[in-house]
Amino acid sequence: MSATAVAAATSEKKDSVPEIIAASMVGTAIEFYDNYCYSIASASYFGAIFFPAATKANPAIGTMLAFLTFAVSFLARPFGSMLFGHFGDKIGRKTTLVVALMTMGISTFLVGCLPSYDQLGILAIIILCICRACQGVGLAGEWSGAALVATENAPANKRALYGSFPNLGAPIGFFCAYGLNLLLDSTLGPDKMQAWGWRIPFLCSAVLVAIGLYVRLRMTETPIFRKAVENDRVVKHPLRALVPYWKEVLLGTFAMGITYTLFYVLGTWSLSYGVKVMKPAFTQNEYLAMQMTSVVFFAIFILISCIYSDRIGRKKVLITTTALTLVFSLFAMHLLQHNVVTVMIFLCVGFALMGGLFGPCGAYLPELFPTNVRYSGAGLSYNLAAILGGAFAPTIATALVQSTGSVVSVGWYMAIMAALALIALFLIKESKDKDYEE
C-alpha cells in the first residue's frame with residue numbers, strides 16, 4: 001500500500017491519548033522483554049549450553065563467548081534501522097511497526113526452541129546467532145517507530161512527555177523478563193532452569209506478541225506523516241535524503257552511547273558478576289530480586305527527566321544527568337561487594353541515572369531530523385549508539401575484570417563513555433521549541 005493510500009485510509013480518525021500510549025508502549029515493552037530474556041540467558045545459561053568446552057575450562061571465558069552472541073543483535077541493528085527506516089519514512093509508521101514486532105517475536109520464539117551444542121554442534125551456535133541478528137533487526141525498527149507514533153501525536157509543549165511512553169516500555173519489559181525468570185528460578189531451581197526452564201520466557205513471547213499485534217493493528221497513521229503525504233513531502237529514497245544529516249546521526253549516536261553502556265553494565269554484566277564472580281556470591285534469585293526492585297527508579301526518572309525536558313529543555317537535563325553519570329562511574333564500582341545495602345545503592349542510583357538519560361531520547365533524537373527522514377535518522381542514531389555503547393559492554397566489562405582483577409576498571413570504561421556523550425551533547429542544538437512538522 002502506498003503512503004497516499006495509507007494516509008487517506010486513516011485521515012478521518014485520530015487516536016486518543018490512551019490509544020497512543022498503548023500503541024507506542026506495548027510494542028516496545030514486548031521488544032525489550034524479548035531482549036532482556038536473552039540478556040539473562042546469556043549471563044546465566046548460554047555459556048554452558050552453547051559453549052560447554054570453554055565453560056568447563058574457564059567459566060569466565062564461556063560467559064564472554066555467550067556475551068558475544070548477545071552482541072550480534074546490536075551489530076544487526078543498523079541494518080534494521082535502515083530497512084525499517086526506509087519503509088517507515090516512505091509508506092508510514094503503522095505498517096512498519098507491525099512488521100518490526102513480528103520479526104522480533106518470531107526470532108525470540110525460535111531461540112526457545114533451539115537444540116543445544118551437545119545436540120547440533122557448531123550449527124546450534126550459528127542458528128542462535130541468526131535468531132539473535134533477527135531480534136536486532138526487529139528491535140531496530142521498533143523503538144524509532146514507536147517514538148514517532150508518540151511524539152508525532154503530541155502537543156508541542158509535551159513532546160518529551162509523550163516521548164516517554166515508548167521508553168517506559170523498557171522498565172516494563174525489564175520487570176516482566178526479570179520477574180518471570182525469578183519466578184521460574186524459584187520454582188524450578190537452578191538445575192531445571194539450566195536444563196530446559198530457560199526456554200519458557202522465550203516461548204511466552206508468542207502470547208505477548210499477539211497482544212502487541214492486536215494493539216498495533218488498531219492504531220492509525222500519525223497526523224504529521226499524513227500531513228507530509230498530503231503536502232507531497234514524502235521522499236522515495238529516505239536513506240539518500242538522510243545523507244546531508246550525517247552530523248546529526250553521529251552526534252545522536254555519541255550522545256546516546258553512555259545510556260546503553262550504563263544499562264548493560266547494570267542489567268547484564270553486574271548480574272553475571274554478582275552471581276558468578278563476586279566472593280562470596282549472591283544467588284541468582286537474590287540478585288534478580290534486587291534488580292527488579294531497583295528498576296522502579298528507572299521508570300520514575302524516565303518520567304521526571306521528560307517532564308523537566310519539556311520545561312527547561314533537553315540539553316540542560318541531559319548534560320546534568322550525563323555529568324552525574326560520569327561522577328557515579330568513578331565511585332560506583334566500590335559498592336559492588338557482598339552487601340545488600342551497597343549493591344542496592346549501586347543499582348538504584350544507576351537505574352535512576354539511566355532513566356534520566358533514556359527518557360528524553362524519545363524526543364531529542366527524532367527532533368534532530370525533519371519529518372521525511374525522521375524514522376531513518378532517529379533509528380540509525382539510536383541503533384549505532386547501541387553498538388557503540390551496548391553491544392560489547394558486558395564482554396568488555398568481563399574482560400576488564402578478568403585482566404585487571406578489579407571492578408574499578410569497569411567504572412573507568414563507563415566514565416570514558418560518559419565523557420564522549422558530554423562532548424556530543426554540548427554540540428547538539430536545543431530542540432524543545434522546534435517546529436516538528438518541518
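**Reading cavities, pockets and cores**

Tutor: Helix 14 gives the most to the lining of the largest cavity, with five residues. Helices (H or I, at least four residues) and strands (E, at least two) are DSSP runs, numbered from the N terminus. This is a predicted model in which local features need pLDDT of at least 70 and side-chain atom pairs count only at pLDDT 80 or more, while totals for chains, interfaces and linings use all residues. Residues are numbered from 1 along each chain as its sequence is written, and side-chain values use heavy atoms, with hydrogens and water left out.

Student: How many cavities of 30 Å³ or more are there?

Tutor: Rolling a probe the size of a water molecule over the atoms shows where empty space is left. On a 1 Å grid over the protein atoms alone, a cavity is a set of points where a 1.4 Å probe fits but cannot get out, a pocket is an open set with protein on both sides within 12 Å along at least five of seven lines, and lining residues have an atom within 4 Å of a point. Grid points are joined across faces, edges and corners, and a volume is the space filled by probe spheres set on the points. Here, two cavities of 30 Å³ or more are counted, and the largest holds about 100 Å³ of space. Its lining has 14 residues, with Phe 32, Tyr 260, Phe 263, Met 354 and Phe 358 nearest the centre, and the elements giving two or more residues to it are helix 2 (17–44), helix 14 (246–277) and helix 17 (340–358).

Student: Into which classes do the residues of the lining of the largest cavity divide?

Tutor: Ala, Val, Leu, Ile, Met, Phe, Trp, Tyr, Cys and Pro count as nonpolar, Asp, Glu, Lys and Arg as charged, and the others, Gly among them, as polar. That lining has eleven nonpolar, two polar and one charged residue. In the second largest cavity, with about 40 Å³ of space, the lining has four nonpolar, one polar and four charged residues, and helix 16 (residues 314–332) gives the most to it, with three residues.

Student: Which residues lie nearest the centre of the largest pocket?

Tutor: They are Glu 248, Glu 367, Leu 368, Lys 429 and Lys 434, out of 13 lining residues. About 250 Å³ of space lies in this pocket, whose lining has five nonpolar, one polar and seven charged residues.

Student: How many disulfides does a search of the whole structure find?

Tutor: A disulfide is a pair of cysteine sulfur atoms within 2.5 Å, and the search finds zero. The sulfur of Cys 131 has its closest cysteine sulfur in Cys 134, 6.5 Å away, which is too far for a bond. The sulfur of Cys 306 is likewise too far from its closest cysteine sulfur, at 8.1 Å in Cys 361. Cys 306 is also buried, with a relative accessible area of 0% (buried means under 20% relative accessible area, exposed over 50%, partly exposed in between, with a 1.4 Å probe and protein chains only).

Student: Which residues have the most contacts inside the largest nonpolar core?

Tutor: In soluble globular proteins, nonpolar side chains tend to be buried together. A nonpolar core is a set of buried Ala, Val, Leu, Ile, Met, Phe, Trp, Tyr and Cys residues joined through side-chain atoms within 4.5 Å. The largest one has 107 residues, and Phe 46, Trp 269 and Phe 358 have the most contacts inside it. Helix 14 gives the most to this core, with 13 residues.
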